[in-house]
Amino acid sequence: MKIGMIEAQPGKKAYGFFKTGETHGRFPVHIPLHIVRGAADGPTLVVQAGASGLELEPALILPQIVNQLDALALRGTLVVVPLMNTSGFEFEQINTAWDNKHLNSLGRGKAQGSVSEQMIHQYFEMVLSKADALLEIRTGSQWSYYRYAGVYDTGNVEGSTMLARALGLQQVVIGQPADQSMAYEAAQDGKAVVTAYIGGGPGLRDFREDDEQRMENAVLNALIHLNMLDGTIQYEQATQSIIEAHTFLNPTGERGFTFMHTDKRGAHIRAGESVGYVRHPFTGDVVEEIIAPRDGVLIHAGASWPVTLEGELLAMLGDVKTEIDV
Amino acid sequence: MKVGQLEAKPGEHIFGYLKTPASRSGMRPDIPVHLFAGAKDGPTLLVQGAIHGGEVIGSIAILNFIQNLDPNAMRGNVIAVPVVNRAGFELGERGSRIDGKDISRLFPGKKKGSVSDQVAHIYFEEVVRQAQVMVDFHAGARTAYERYVLFSAEADPDNLTELEKLRRKLVVAFGIDQAAFFPPGTFGNNSAKEAIEEAGVAQITLEFGGGTGWFKNGQDNVRDAERGIWNVMKSMRMIDGEFESDGPMCTVYNAGVVIWKPDVDGLFVRLKHFRDELKAGDVYAKLIDPYTGELLADMPTPKDGIVIPSGQEWPTVGATSIGILGTIDRVEDRRTTDLYVY
């Protein structure tokens, strides 16, 4: 398999930067990626992370997974992008530094567009369009903390849901709304696509090693599920909840210190019940209760740090469709 | 008592904004101030948060504290400022982007200077100078986690000034189990702290909490920070009551071993934990290549020491210290220490 100048022969690994252009200051616009090509034929799985320059935990573990994999034991091809947004990482920001774009808001990109749009266009054409399955690992950046596998309600929903279940996380969320991400576009093309949300800054101190293990399990489990690797799927818990997401709460009312009831995650919430509150930052008065508009299970997702970003997901609710004894 | 145009009569709590100069766009980072004038005379305590705008655990503790504080049930005055640096708070940043300055380093400020110079001047003259004791909350912002009381190094520990004696008691009275001072030269001079001391104000700084521990420990730190403010009030005899603490002992570290980021850069992975005892050369943390996982650099400690509860945890670090180690200077026993400053 060859991506740009990076080529892996059967049973070998390759690593390099898939260069798609240069900025006006002549910095390379590129994506670091690994190819692990199995000795035997099989499907192609892409594992990507770091579309945001502040979603860094996957980069702590994905290269290690590549290093530990035996290409000769693999069937098919694994492509791993540990940290896609190199300029955002460089300058510690979510969007790219070159044109201030969020790489997951550009759809399939544009052949004739800004440098980021061109980069995503070439990446989509050269990598994602040739993949059978995509696992994107996202985190809560510096503001939120997550643990679930998400599936879009488009394309090969059954295949995506099966892949999501196989990642081993306790909560699998189906019915993720359409967005402008690469993953959504790939899902529309009928590929098995899962967005695994694992980790985030507010839990980094206490859960870093656990979350790295969750990410490693997710990748290896996906390979096993796709019959690319022998082994047994490792589940986080004995039961797995398949949840249909229906309510997404974002900051819309008062701003200040926002406290979400993260201790309620996983619990069933009644319509009208408080899932958080906002306090005036200078008087301490509670200026808004954040109320669940309908019944549902509180998904392990959303803001935790009390100063939220505009547009940040505060909480997500859904209905449990199936409780599976794994 | 009066702060700027704000005035509280005995038994009153009033809230308002201390006026500051406008930036070029007309933005005024006026400082939110709560005044509690006790029904009876007594000393003045200043509690402040978020002078570094992203460090908000103390701010939340102060908000909880003021909602429970009854001016009629206390002696003296409390000035509570949940957020000193509003511009930094707005953007989640340490300094003020209005002029790129760190207000905490500008005291006593300048009457004629940049916006932050003037803010520091107004705040110093109107607020800081009125206090006998200043509790200054800092934290690890979104990228680190900390839990200790920081105070200035003493010039001659065998011959303490009255202010230093008083401050020693406050450090222990606050109620957490670890405290530290940086010996001279560790981080360079801090003339702002000297200005506060010259004004006769006993300052303790709380390095308390931070974003990377928020999900699990955030509310516990807020609770303990508020507990510390009440303890300081007891120490100042502004209220009556028993001291509450982590436990009877408070370990005070001479924190003179700083581990700095090496010249190379990558993803930072901290390997050691608070209270780990390290020998010179032991690896405290490492930097790895973000794309290949290759080891770029080990970060060893240059000297023996114990990891004090401070330091970076987020995987990117700036040109800053990423860990602080210390030796035990003394262990204070709250059961046998006089915790009252007046």
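**Two chains, question by question**

Biologist: How many helices and strands does chain A have?
Modeller: This is a predicted model, so to speak with rules: local features need pLDDT of at least 70, side-chain atom pairs count only at pLDDT 80 or more, and totals for chains, interfaces and linings use all residues. Residues are numbered from 1 along each chain as its sequence is written, while chains are lettered from A and ligands numbered from 1 in the order in which they are written. Helices (H or I, at least four residues) and strands (E, at least two) are DSSP runs, numbered from the N terminus. On that basis, chain A has six helices and 17 strands.

Biologist: What is the radius of gyration of chain A?
Modeller: That value is taken over C-alpha atoms, and the globule rule is 2.2 Å times the number of residues to the power 0.38. For 326 residues the rule gives 20 Å, and chain A comes close to that, so chain A is as compact as a globular protein of that length. Its radius of gyration is 20 Å.

Biologist: Which strands stand at the edges of the open sheet in chain A?
Modeller: Twelve strands form this sheet, in the order 3-4-6-5-7-10-8-9-11-17-16-13, and the pairing is mixed. Two strands pair if DSSP finds at least two bridges between them.

Biologist: How many bridges join strand 3 of chain A to strand 4 of chain A?
Modeller: The two run antiparallel, with strand 4 covering residues 28-37. The number of bridges between the two strands is nine.

Biologist: Is A:Gln237 buried or exposed?
Modeller: A residue is buried if 20 or more other C-beta atoms (placed from the backbone) lie within 10 Å of its own, exposed if 12 or fewer, and partly exposed in between. A:Gln237 is found in the loop between helix 6 (204-225) and strand 11 (239-249) of chain A. It has 11 C-beta neighbours inside 10 Å, so A:Gln237 counts as exposed.

Biologist: Which residues have the most contacts inside the largest nonpolar core?
Modeller: A nonpolar core is a set of buried Ala, Val, Leu, Ile, Met, Phe, Trp, Tyr and Cys residues joined through C-beta atoms within 7 Å. The largest one has 209 residues. A:Leu135 touches A:Val47, A:Val194 and A:Ala218, among others. The residues asked for are A:Leu45 and A:Leu135.

Biologist: Which helix of chain B gives the largest share of the side that touches chain A?
Modeller: Two residues are in contact if their C-beta atoms, placed from the backbone, lie within 7 Å. By that test, 30 residues of chain B are in contact with 31 residues of chain A. Helix 1 (57-68), helix 6 (214-235) and strand 12 (267-270) of chain B each supply at least two residues of that side. The largest share, six residues, comes from helix 1 of chain B.

Biologist: How far apart are the C-alpha centres of the two domains of chain B?
Modeller: Chain B is divided into domain 1 (2-247) and domain 2 (254-330), with bounds from an automatic or database domain assignment. Their contact takes 14 residues from domain 1 and twelve residues from domain 2. The centres lie apart by 28 Å.

Definitions and conventions: Lists of a residue's contacts leave out its neighbours within four places in sequence.
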